[in-house]
Each structure stands twice: as structure tokens, then as C-alpha cells.
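Here are some notes to go with your first look at this one. Have the sequence open beside the 3D view as you read.

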Amino acid sequence: MRKGAGILCVFLFLATAAAEASADSWRDDFASVVLLRDYNTRLVLVSTTLLGIAGGLAGSFLLLRKRSLMGDALSHATLPGIVLAFMFAVHFTGTGRSFAVLITGAAVTGLLGCVVVLLIRSLTRVKDDAAMGIVLSVFYGAGVVLLSIVQHMPEAGTAGLESFLYGKTASMVRADFYLVSGAAVISLIASLALFKEFRLLCFDEGYARSMGWPTHALDVLMLLLVTLVTVVGLQAVGVVLIIAFLIIPAASARMWTSRFGWMLALAAGFGGASGWLGAGLSALAPGLPAGAVIVLTAAALFVLSLLAGPDRGVIARTVRARALKRRVERQHLLRGIYEVLEESGPAPHLAGDSVPLIPWAVLERKRSWSPRELRGVVRRAYRRGLVETMDRDGVRLTDAGARAAARVTRNHRLWEIYLVEYADIAPTHVDRDADAVEHILGAGLIRRLEASLPVAARPAADGVPASPHPIR
Amino acid sequence: MDQSLRERPVARLRGAGSVGLPEEHSPGSPLSVHDLTVAYHRKPVIWDIDLEIPEGKLVGIVGPNGAGKSTLMKACLELVPRSSGEVRIFGEPYRAQRKLVGYVPQRESVDWDFPVSVLDVVAMGTYGRLGWLRPVNRRCKGLAMEALEKVGLADFAHRQISQLSGGQQQRVFLARALAQDARVYFMDEPFAAVDAATERAIVGILHDLKRRGRTCLVVHHDLATVEEYFDWLVMLNMRVVASGPTAEVFTAENLRKTYGGKLTLLSEAATAVSKEAGGAE
Ligand SMILES: Nc1ncnc2c1ncn2[C@@H]1O[C@H](COP(=O)(O)OP(=O)(O)OP(=O)(O)O)[C@@H](O)[C@H]1O
Ligand SMILES: [Mg+2]
């Protein structure tokens with residue numbers, strides 16, 4: 001995870017440097033630096049990318065702390081703050097255009113929303129999700145009402161405020177860029193420095209508290225981090241969608257890894273990528289609302305992760321399940337053939353012209369396969385060169401198939417004996433699917449297992465012990 | 001595992017009045033509780049708890065479901081607010097003694113789908129020693145690995161925690177507390193849903209801790225094994241029914257006071273007691 005964080009640092013540095021360089025020498029040829037030529041577009045792109053990185057980190061904590069809904073309540077509760085701050089600024093300074101003032105207002109009511117949720121939770125028996133739902137809609141409703149009041153105020157040109165609802169990147173200026181990079185740097189530092197504390201808190205709050213970690217303070221820190229990212233992201237993504245921008249990259253990252261550190265790094269990467277791609281797309285097609293495009297980009301990455309994630313992705317899971325099924329089928333077939341041939345005596349010949357063809361019907365009975373299933377299983381074994389012929393009369397193994405059948409049968413029987421002998425410790429060690437039993441049990445134990453068999457059942461020349469139970 | 005087969009250690013008597021109320025917190029006691037009452041939503045769950053646990057004992061805590069056993073542990077560890085009373089660990093408030101206390105929560109208390117490996121979880125036991133901001137280092141991982149070996153899960157160190165069975169997850173929590181190397185352990189139902197072999201392994205670990213002078217408080221449900229496992233017993237049902245050497249307090253009378261009208265439990269206990277009585281003759 002340190003590695004992931006290092007990469008992030010470098011990226012963050014380059015992004016900042018790129019924006020800085022362009023600010024100073026934007027008349028120069030900078031086509032080689034970033035995708036788009038226009039200074040403002042590039043500023044927006046870098047800003048949204050940084051925002052995405054910060055959002056991915058903060059969102060991971062929200063998700064793992066199971067506070068996604070809290071984040072939603074927080075972001076919706078920022079709306080009245082924005083409008084109130086605007087009214088306040090108009091009243092005292094004559095203009096409401098200061099981004100810093102607006103997001104301060106946003107942070108105040110956003111946190112107030114969280115406090116109300118916590119109060120409802122501790123003072124009443126209303127359930128968490130209900131409390132958050134109530135706060136979310138009441139604060140948002142208040143914000144919408146205030147917004148409509150402001151729009152009727154004669155002295156204020158309020159064109160800017162609606163952009164906070166759905167997000168508008170075009171209005172970002174250089175000061176915003178500094179704010180966003182500041183937020184990104186802070187969230188990066190916080191996630192790195194408090195990595196172990198946050199992981200402990202998210203996983204097992206009770207244990208953390210019992211060890212003396214100030215879990216409330218850590219929770220507040222985490223919430224402040226989320227608030228910071230939320231309010232600086234409001235302008236680009238908007239009140240309604242910002243929570244998606246926090247949560248979706250984190251959820252996508254979870255599809256790729258089962259490690260906390262990697263999840264943070266990947267979430268930051270996904271967030272950055274969706275910010276960059278989304279803002280780029282909406283810059284190419286002016287009129288597309290940036291926030292929505294960014295969130296849709298993040299969602300597209302999520303769908304991709306859902307399908308292609310190596311651990312929990314749908315494709316990987318399907319492929320794995322299918323491969324496992326095929327392998328088990330194959331082993332059943334080989335063992336079935338071995339057992340049929342064994343009926344004529346221990347250590348049978350398994351391959352060669354002298355070996356009789358095994359009729360289909362006999363094999364079908366071995367595993368209650370339907371004729372069609374069995375054909376499929378044998379066909380796949382044939383393609384692997386394990387089965388020599390598959391004609392109307394029956395099946396015969398190749399030399400390779402014979403070796404595989406002997407090995408599979410031997411391993412299987414050793415496992416059976418092991419399970420019988422060591423029933424108490426066995427389940428955690430048994431791996432029936434393993435090719436090399438010796439690697440797991442050790443040669444010594446295997447010799448003992450073989451020796452513990454009745455004399456008549458000792459391994460024959462090919463080393464296959466007799467089955468410890470009668471074969472069907 | 002051999003330790004479990006040893007003779008049940010004979011409980012030493014520490015004065016006959018162990019059921020009585022201790023007036024002072026003795027500095028040597030790993031846990032002394034005075035006048036503790038805990039309430040959820042204004043409804044008191046445990047009342048006027050007075051306890052004095054001697055050092056180096058395996059202490060069983062028994063009582064019916066909802067008796068407040070988990071609540072007692074959580075209150076001692078300041079995980080739930082107290083309505084009244086005080087708790088001392090080696091004569092000091094818990095706050096000052098956290099490093100000496102290891103907690104093994106009930107398994108259901110966390111989400112096992114969390115993205116961490118078994119080793120990561122066990123290493124959490126060493127965070128207290130590490131302190132703020134310092135990253136988990138090789139030494140921590142080494143300690144964690146040792147603890148995993150003790151509970152027989154070394155092979156699983158790098159698995160994601162959701163890929164463990166329930167009993168294995170229970171042992172992961174135990175390993176985490178072992179990595180902490182505390183002097184008093186609070187274990188909430190470490191024997192829940194584990195098979196006989198795992199139970200023996202855990203008992204072995206308990207005896208190992210006892211040999212090293214550690215005190216273990218263990219919430220336990222199986223009355224049939226109480227006498228075998230524990231040399232001190234706390235019988236709880238919203239109040240302390242009895243606390244003292246198992247041989248003294250594990251009586252039919254106390255069981256009836258603890259489990260009351262819960263018939264199935266009572267008969268279970270009765271058979272356990274009659275078995276014991278038969279064996280003593
Ligand atoms: N968070 C909570 N909020 C409200 N009531 C609670 C809470 N936790 C426990 N209780 C109540 O407190 C009582 C004691 O609960 P506790 O969990 O301590 O019981 P226990 O003895 O550990 O039971 P078990 O054997 O089932 O684990 C129960 O009646 C329970 O309903
Ligand atoms: Mg409990």
C-alpha cells in the first residue's frame with residue numbers, strides 16, 4: 001500500500017507542477033503537457049482529477065466505516081449553507097461571488113446536518129438510516145426554499161448558485177484550483193499518516209476503543225476529511241451527485257482487491273480517472289453538465305470493475321467457477337475409469353490396446369451423468385489428450401491419461417485415509433483438488449498413511465492404495 | 001493441547017467471604033468492580049455489581065442470555081457508559097491501565113467482509129504498543145505471526161478474513177489479544193460455535209496464559225465444562241449471584257438463583273451438578 005501511495009504522490013506532484021507550469025507559460029507550446037490546449041480547460045481537468053483522488057480516499061473511509069448515507073446527508077445539508085452564505089455575503093459585501101465564503105457556509109450546515117443525525121441517534125430511538133433520511137431531505141428542502149427566495153432578491157445576480165446543484169466546472173478559476181489541490185494534499189497526508197488508525201477504526205471500533213484509541217476524535221477527523229472534500233467538490237460535481245463521486249470509486253476499488261491499502265490507492269486512481277475523463281468529456285461537448293458526466297464516468301468504471309475485477313468481478317468468478325467444475329469433472333472421469341478397470345484386480349493396466357474399451361453406460365452409472373454430460377466431459381478430456389478413442393463402443397485412456405488417472409486416484413484415496421485418521425485436525429488441511437499431496441502432507445506422513453492400510457490394500461506398483469471404503 | 005487433559009487445577013481459597021462485598025479496591029486485583037450499574041435507555045441491565053477477581057485465575061462468567069455478561073465486560077472496558085460505580089484494573093482506573101488489558105469481542109461484532117488479511121487483523125493487537133502515526137513494522141508482523149502460530153492459524157496468515165470458518169475467526173480474535181500480550185484478558189464467548197478440537201486448543205491457550213500469571217475472564221455458556229475449565233466463577237443474572245472459587249459457588253442453589261425458571265437450562269445444569277456429585281463420591 002505504501003507503493004500505491006508513493007505512485008499517488010508522484011502523480012499529484014506532476015499534476016500540480018503541470019498546472020503551475022501552464023499558469024506561468026501558457027502561451028508556450030504546451031500541447032505536449034496535457035490533452036487539451038486551452039488553459040482553463042486544463043486547469044479544470046487537473047482540478048477535477050485531484051478532486052477525484054481526494055474523493056476516492058475519503059469515500060473509501062466512508063464506505064468501510066459504513067457511513068455512506070451519512071456522507072449523503074452531509075452533502076445535501078450543505079445546500080442551505082451555500083445559499084445563506086450567499087445572502088450573508090451580498091448583505092455585507094455587496095457581492096456573493098466568493099467561493100471561499102460559499103463553501104464555508106456549506107461546511108457549516110453540512111456538519112450541522114451530521115450533528116443533528118448524531119443527536120437524533122443518541123437522544124431518540126429513531127434508527128440511523130431514518131435519521132439520515134430525515135436530515136437529508138429537511139436540509140435539502142430548506143436549501144431549495146432559500147434558493148428560490150434568493151432568486152427573487154432584486155439586488156443579486158444569482159446565476160452562479162444553481163451550478164451548485166448539479167455542478168459546473170466551466171466556472172472554476174485558479175483560486176478554486178488551489179483549494180482543490182489543498183484538499184487533495186490534505187486528504188492524502190491524512191490517509192497516509194492515519195492509515196493504521198483508520199483501518200483499525202473501520203474494522204473494529206469496539207476493540208479500538210478498548211485499546212484506548214480516541215475513536216470519537218478519529219471519527220470526527222474522518223468526517224472533517226469527508227466534509228472538506230465534499231465542499232471543495234460542490235462546484236464541480238454539485239450537491240446532488242457529490243456522494244456518488246465519493247462512493248463509486250471506492251466501491252469499484254473493492255472489486256479489485258481485498259487489501260485496505262490497495263483499496264485506497266485504487267479508489268484514488270479511479271476517482272482521479274473519472275474526474276479527468278468526465279471533465280474532459282464535458283469540455284469537449286459544452287452543454288453537458290460536468291457533474292453528471294463525471295459521475296457517469298465513475299459509474300462506467302464501476303460497471304467495468306464489477307465485470308472484470310479479478311477477485312469479486314462477475315467474469316472472474318464465472319471463469320473460476322467454470323474451470324473448477326471442469327477440473328472436478330475431469331478428475332471424476334479419470335477416477336471412474338480407474339475404478340472400472342480395477343474391478344478386474346488391483347493395479348490394473350490402464351492404457352494400451354490390451355485394455356478393453358469401457359462402455360459409455362458403465363461410466364454414466366459411475367457418476368449419474370446423463371449421456372450428454374458424459375459426452376461433454378469425455379470430449380474435453382479427449383482434447384487434452386487424456387482419452388485415446390471415443391467411439392460408439394466406449395472409452396480408453398492414453399498413456400498420459402493413464403498416468404493422470406493413477407495420480408488422481410492415489411491422491412484422492414490418500415486424502416480419504418487422512419480424513420479418516422485425522423478427523424479432528426483434517427478439515428483445515430485437506431485440499432482434495434491438490435495435485436501434489438506430498439507438498440501439503442509431507443512425504444513422511446504419506447508413508448505412514450500408506451502403512452496404516454490393511455496389508456492387502458498396500459499400494460501396488462503404481463502406488464495407488466485401495467479405497468478405504470467400498471467403491472460404488 | 002495436552003494441557004487441557006491435565007487435572008483441573010484445585011481452586012485455592014481466598015478467604016471464605018468471597019461472595020461478600022469488598023469494601024476497598026485492592027491494588028493487586030486485576031479486576032475489582034464496586035457498585036456498578038449499567039443502563040441502556042434508562043433500563044438498568046446490571047445492578048450493583050461488586051466483584052473482586054484474584055490474579056492468575058481462569059475466571060468463568062456464566063448466566064442466561066441477556067443476563068448482562070457482555071454488558072459487564074463492556075462496562076469494565078468503558079465501551080458503554082456506566083450509570084454508577086467504579087471499575088479498577090490493578091487498583092487504577094481502566095483509562096490508565098489499557099495496555100494491560102486484552103479484549104476478545106464476540107465474533108459477530110465486526111464485518112468479516114472487511115478488506116484485511118488475517119495477519120493484518122492480528123497485528124492490530126500491537127498497535128497500542130506502536131502508538132500514533134507509526135506504520136506497522138516487521139516486528140509487529142513477527143509478533144502477530146507468533147500469535148497466529150499459537151492458535152494454529154499460521155497457514156492462513158495471508159488469507160482475507162472472510163475466507164475463514166466461524167471457529168477460525170474466533171481464533172483470529174484470540175490471536176489478536178495474544179499479540180497484545182496483556183495481563184488481564186476479557187473474552188466474550190470464545191467457545192461459541194467452535195468444534196471440540198478448537199475448544200481444546202483454546203483451553204490449552206488459556207492454561208498457557210494462566211501459567212504465565214495472566215488472568216482470563218471468559219464468558220461461557222456450557223455448564224457441563226465450567227468445573228473443568230475455570231478455577232473461579234462469576235454467576236451473573238443482572239446482579240452477581242455468586243463469585244468465588246468454582247468448587248464453592250457452583251452449586252445447585254446458585255444455579256437455580258442464576259437461571260431461575262429457565263427449565264431447559266436448569267435441567268441441563270442439574271445433570272451437570274448431579275454428575276459432579278456422583279463423581280465426587
Ligand atoms: N446496545 C444495547 N441497547 C439496548 N439494550 C441493550 C443493548 N445491548 C444489550 N442490551 C440489553 O441488555 C441486556 C443484556 O445484554 P448482554 O448483551 O449484556 O447480555 P449477555 O449476557 O451477553 O447475553 P448473551 O448470552 O445472549 O450474549 C439484554 O436484555 C439486552 O436486551
Ligand atoms: Mg453476550
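1. Let's start with Arg212(B), which is partly exposed because its relative accessible area is 35% (buried means under 20%, exposed over 50%, and partly exposed in between, using a 1.4 Å probe and protein chains only). Its partner is Asp181(B): the two form a salt bridge, with the closest N and O atoms 3.5 Å apart (that is, a side-chain nitrogen of Lys or Arg within 4 Å of a carboxyl oxygen of Asp or Glu). Arg212(B) sits in the loop between helix H7 (196-211) and strand S8 (215-219) of chain B, and Asp181(B) in the loop between helix H6 (166-180) and strand S7 (184-187) of chain B, so the pair ties together parts 31 residues apart in sequence. Asp181(B) also counts as partly exposed, at 38% relative accessibility. Helices (H or I, at least four residues) and strands (E, at least two) are DSSP runs, numbered from the N terminus.

2. A word on the ground rules: this is a predicted model, where local features need pLDDT of at least 70 and side-chain atom pairs count only at pLDDT 80 or more, while totals for chains, interfaces and linings use all residues. Residues are numbered from 1 along each chain as its sequence is written, chains are lettered from A and ligands numbered from 1 in the order in which they are written, and side-chain values use heavy atoms, leaving out hydrogens and water.

3. How many salt bridges does the structure hold over all chains? The count is 27. One of them joins the side chains of Asp113(B) and Arg254(A), at 3.8 Å from N to O. This pair crosses between chains: Asp113(B) is in the loop between strand S6 (101-104) and helix H3 (118-123) of chain B, and Arg254(A) is in helix H11 (residues 242-256) of chain A. Is each end buried or exposed? Asp113(B) is partly exposed at 33%, whereas Arg254(A) is buried at 8%.

4. Back within chain B, Arg98(B) and Glu78(B) meet through their side chains in a salt bridge of 4.0 Å, N to O. They link distant parts of the chain, 20 residues apart, with Arg98(B) in the loop between helix H2 (94-97) and S6, and Glu78(B) in the loop between helix H1 (69-76) and strand S4 (84-89). Arg98(B) counts as buried because its relative accessibility is 18%.

5. Now have a look inside. There are three cavities of 30 Å³ or more (a cavity is a set of points on a 1 Å grid over the protein atoms alone where a 1.4 Å probe fits but cannot get out; lining residues have an atom within 4 Å of a point). Helix H10 (residues 215-237) of chain A gives the most to its lining, with four residues. Among the lining residues are Arg65(A), Arg67(A) and Asp219(A), and these belong to a network of salt bridges that also includes Glu205(A) and Arg209(A).

6. Finally, which helices of chain A each supply at least two residues of the nonpolar patch? They are helix H13 (290-308) and helix H14 (314-342). Leu306(A), one of the patch residues, is found in helix H13 and counts as partly exposed at 30% relative accessibility.

Conventions
1 Å grid on protein atoms, 1.4 Å probe; cavity = no way out; pocket = protein on both sides within 12 Å on 5 of 7 lines; lining within 4 Å. Points joined across faces, edges and corners; volume = space filled by probe spheres on them. Patch = residues over 30% accessible without salt bridge, like charges linked within 9 Å, V, L, I, M, F, W, Y side chains within 5 Å. Areas by Shrake-Rupley, 256 points an atom, 1.4 Å probe, with all protein chains shown as cover.
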